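The following paragraphs lead the reader through selected parts of a structure. Please consult the sequence and coordinates alongside the text.

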Amino acid sequence: MCLQKAKSKLEQELLASLKEIIAAPRLYINEPMSRHTSFQIGGPADFLVFPASVQEVSAVFTLVRELGVPVLALGNGSNVLVSDKGIRGVVVKFGDDFAGIRHLGKTVIAGAGASLTSVSRYAADCALTGMEFAVGIPGSIGGAVFMNAGAYDGEISKVISAVTTVCPDGTVQRFNHADIRFDYRQSVFQQNGCIICEVELMLEQGSEKDILAKMDEYTNSRETKQPLEMPSAGSTFKRPPGYYAGTLIEQTGLKGFSIGGAQVSNKHAGFVVNAGGATAADVLALISEVQRRVFDKFGVRLQPEVRVIGEK
Ligand SMILES: Cc1cc2nc3c(=O)[nH]c(=O)nc-3n(C[C@H](O)[C@H](O)[C@H](O)COP(=O)(O)OP(=O)(O)OC[C@H]3O[C@@H](n4cnc5c(N)ncnc54)[C@H](O)[C@@H]3O)c2cc1C
């Protein structure tokens, strides 16, 4: 993971400027994204940085804008499929420096890199209810807002009050709930390119015992039903209106169906898993084949929930 020689003149200029913003141990070159995704798939990112402050995020945005280089945020990499060629430009990943959690009354404030499970557990410790649904979702809270993650009867949109972001022009902007335009697995951040740095949640006072009981129930349900022992990005497809993707896939006889190292999970047909050595091309081919066969049988078009990123 040491700094290697940057290739082009632009990359050298970018590297020199990035080094002035981000300290060397938090800056990686040609970093394999398979190390940063729950699928354990993905070619190298030209540059991967772990900012330590909102000011650093802003400085990186301003720099890449000046140089015309693409930039992308990454949380825990649990809802992405990174292409085999990897990601050109700069990936901004939120690590430990953005994982702080604090609260003031019923408001919980978390850095974008805080894991959903730790926010959920923090809320439980404060006897605050509303985040139980998120225990066991392996993402960051920033990624959860971007995706409007949800499970059981909960959804991040139901508890978010405001979000602090850095936008493509480098400015720090605050979005209130109404500005975020949440919808099923949708938020405004999928269109506007702003990076979520901090999240404010408005929770309700509850009973710690009841909160923990609910979290245990959800954890048991995940462990029983989901292929947690294999690398994946969770549910591969969005829930089509009126159906469950997993049920349609199972009824099409695709449980266990594989292409290369990518396989429709034998445990839960809604999950594509990396059964060993899968490439992004394997996963994409499997997704297409599943879509085709489910459409032929049921006339339903499955839409991927997993976000495909990187050079095609
Ligand atoms: C075993 C398993 C179970 C899962 N169960 C569920 C579930 O029950 N419900 C559910 O909704 N999801 C589930 N997921 C999917 C995933 O965990 C969620 O979508 C999660 O919210 C993604 O967060 P992340 O930090 O991993 O995002 P990433 O995968 O890192 O990123 C996802 C997208 O968000 C963007 N992004 C990430 N962070 C930021 C940021 N700070 N600012 C701007 N954009 C950002 C990325 O560019 C990318 O486009 C599951 C995944 C797995 C592997």
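In this predicted model, four strands form an open sheet in the order β15-β18-β17-β16, and their pairing is antiparallel. The edges of the sheet are β15 (232-235) and β16 (258-259); each has a single partner strand, so one side of each is left without a neighbour in the sheet. Strands of a sheet pair through backbone hydrogen bonds, in either a parallel or an antiparallel manner. For β15, the partner is β18 (residues 271-274), to which two bridges join it in an antiparallel run. Within this pairing, S232 has V273 of β18 as its bridge partner.

Attention now turns to helix α7. The buried residues of α7 are I211, M215 and Y218. Because these residues cover an arc of only 65 degrees around the axis, they lie on the same side of α7. Their packing partners are α3 (116-125) and β8 (128-129). The other side of α7 carries the exposed residues K209, A213, D216, N220, E223 and T224.

Leaving aside neighbours within four places in sequence, G86 is in contact with M33, G42, G43, P44, A45, G310 and E311. Between G86 and E31 there is a separation of 55 residues in sequence, whereas their C-alpha atoms are 9.0 Å apart in space.

Terms used. Residues numbered from 1 in each chain as written. Predicted model: local features only at pLDDT ≥ 70, side-chain atom pairs only at ≥ 80, totals over all residues. Buried ≥ 20, exposed ≤ 12 C-beta atoms within 10 Å, placed from the backbone. Arc of directions from axis to C-beta. Contact = placed C-beta atoms within 7 Å. Pairing = 2+ DSSP bridges.
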